[in-house]
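Please look through the structure below. Questions and answers on its parts follow.

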Amino acid sequence: MEWTREMKYRTLEDVTSEEINRLINKVDKAPWRQTYHIQPISGLLNDPNGLVYHDGLYHVFYQWHPLGAVHGMKYWYHLTSNDLVHFKAIGPTVKPNHHYDSHGAYSGSAIVVDNELKLVYTGNHRTKQWERIPYQVITTLNNNTTADKRAFVEGPPAGYTEHFRDPKVWYDSNRNKYYAVIGAQRVNETGTIVVYESTDFKDWQMMGELKTDYKSFGYMWECPDLFNIDGHDIVLFCPQGIDREGNRYRNIYQSGYLIGSLDFDSMTLSHDEFEELDHGFDFYAPQTMIGEHGERILIGWMGLPDIEYPTDVDEWAHCLTMPRTLSVRDDQLIQQPFKALQQLRQSETKQSLNVTSNPKTINEMTGTHYELIVKINDNQSNTFHIDLRQSEDERTRLTYDATSQQLTLDRSKSGVLPNGVDGTSRTTKLTNPLGTLQIFVDTSSIEMFINDGERVMTARIFPKDSSDQITLTSEGGDVSLDMTKYDLK
Ligand code: FRU
């Protein structure tokens, strides 16, 4: 089916309840539906938005185009949770019902101001000539609906193009001010981050650009975020238009961070090199929030723009990643699965193994949605493989090469592959020899936390349901390891 512009920009008001119900029923029966990840009831999910913990409740929203697996009219779909593990679906709370967001309520964030929940996002407006005008909008969340929308930046400021979006706001108690970082494209078509400040959350002043060493690093920076962990200033952003460098920057668009120290008065960040947040295939547009216990929690979109996914034909696409807790170890950002996810654990199976060149299938550990913890006690091999979601003709293969200290995720035999992706494997060089893996497998995804959060590799996979085995093999020597598997629900 060819999606015309008119079809893409229909709102939920433009369709009958029969049409949307038919769509939801079709998606409900579609293959590769996840079991414990946030996924859309129909249509396309993209960026996580408006993450906030307030009054004992987490709010998670995502960019949602309800009517099919294409980027069209965007809503914010709303979920709440008291543990960030079990969610209650609220529905499309931020709707494109205003001049400002006439062509989509684009990405943004949430903050509590005077005990009220404020949502701050980009209204995507298009003129009759199809020129884009981005508005930075503030609205108040009240009983799961939005009350009055007010724009605090109308159109791009001088020096920037129409690509000016994704405000992330926070309050700085030392300065007693509110701040917003906004993703931007300069008129010379390079990406950057623009900073705003406000004392009353009503009037906002542009402070200028966040100064980094990356003066010309891609043509647009989407979804910025800025926060401090234990004295380290960290800036997240998604640069578009970065060329591949060996094993780095393999995906169509990148998502990464700079870590260092921010001089607030001059808005200058002195920082280390840009590092990717995830070394897998499907990760983009993450956002962070402060959780119940003061921890910094990140959720990403497990997908990328401009890639064709096998679920598109069934009129749904994508999911969110599991929440990750952030910390800093040796000046490096560490990402670990959010602790409360342990509530998902069902039956436990344990094995101690000596892995040899004879492939060993663990008959006690089959499954399609589980958590697997691997602890390596002694590694005498040159390379060893862990095959997951395996059957006679399919496998998702992890390979560790001890000599080069590189870990590879190979999805060439994972089943149906997305289209428009560079290659079928991703490799990352670890800082330390491989010691532990914590792997979350769902019907159509794998998220792998390496060495206690030193690296993460995330991928969508589209295997058969019957590809459910785990097999281990080593080359050049044996590997002794302990494995624990939990079925997840
Ligand atoms: C990132 C992004 C954002 C934008 C949103 C629109 O994936 O392109 O920059 O606000 O998606 O859905």
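Q: Which residues make up domain 1 and domain 2 of the protein chain?
A: This is a predicted model, in which local features need pLDDT of at least 70, side-chain atom pairs count only at pLDDT 80 or more, and totals for chains, interfaces and linings use all residues. Residues are numbered from 1 along each chain as its sequence is written. The bounds come from an automatic or database domain assignment. That assignment gives domain 1 as 5-337 and domain 2 as 346-488.

Q: How many residues of domain 1 are in contact with domain 2?
A: The centres of the two domains, taken over C-alpha atoms, are separated by 30 Å. Two residues are in contact if their C-beta atoms, placed from the backbone, lie within 7 Å. On that basis 33 residues of domain 2 are touched, and the number on the side of domain 1 is 29.

Q: Which residues have the most contacts inside the largest nonpolar core?
A: A nonpolar core is a set of buried Ala, Val, Leu, Ile, Met, Phe, Trp, Tyr and Cys residues joined through C-beta atoms within 7 Å. Buried means that 20 or more other C-beta atoms lie within 10 Å of the residue's own, exposed means 12 or fewer, and partly exposed lies in between, with C-beta atoms placed from the backbone. The largest such core has 74 residues, and those with the most contacts inside it are Ile 182, Ile 193 and Val 235.

Q: Is Asp 468 buried or partly exposed, and why?
A: Asp 468 is found in the loop between β32 (455-460) and β33 (469-475), where strands are DSSP runs (E, at least two residues) numbered from the N terminus. Leaving aside neighbours within four places in sequence, Asp 468 is in contact with Thr 366, Gly 367, Thr 368 and Arg 389. Because Asp 468 has 19 C-beta neighbours inside 10 Å, it counts as partly exposed.

Q: Which residue is 78 residues from Asp 468 in sequence and 5.4 Å away in space?
A: The spatial distance here runs from C-alpha to C-alpha. At 5.4 Å from Asp 468, the residue is Gln 390.

Q: What is the bridge partner of Tyr 160 in β10?
A: Two strands pair if DSSP finds at least two bridges between them. Eight bridges join β9 to β10 (residues 177-186), and the two run antiparallel. They form a hairpin with four residues between them, and Asn 176 in the turn has a positive phi of about 55°. In β10, the partner of Tyr 160 is Arg 186.
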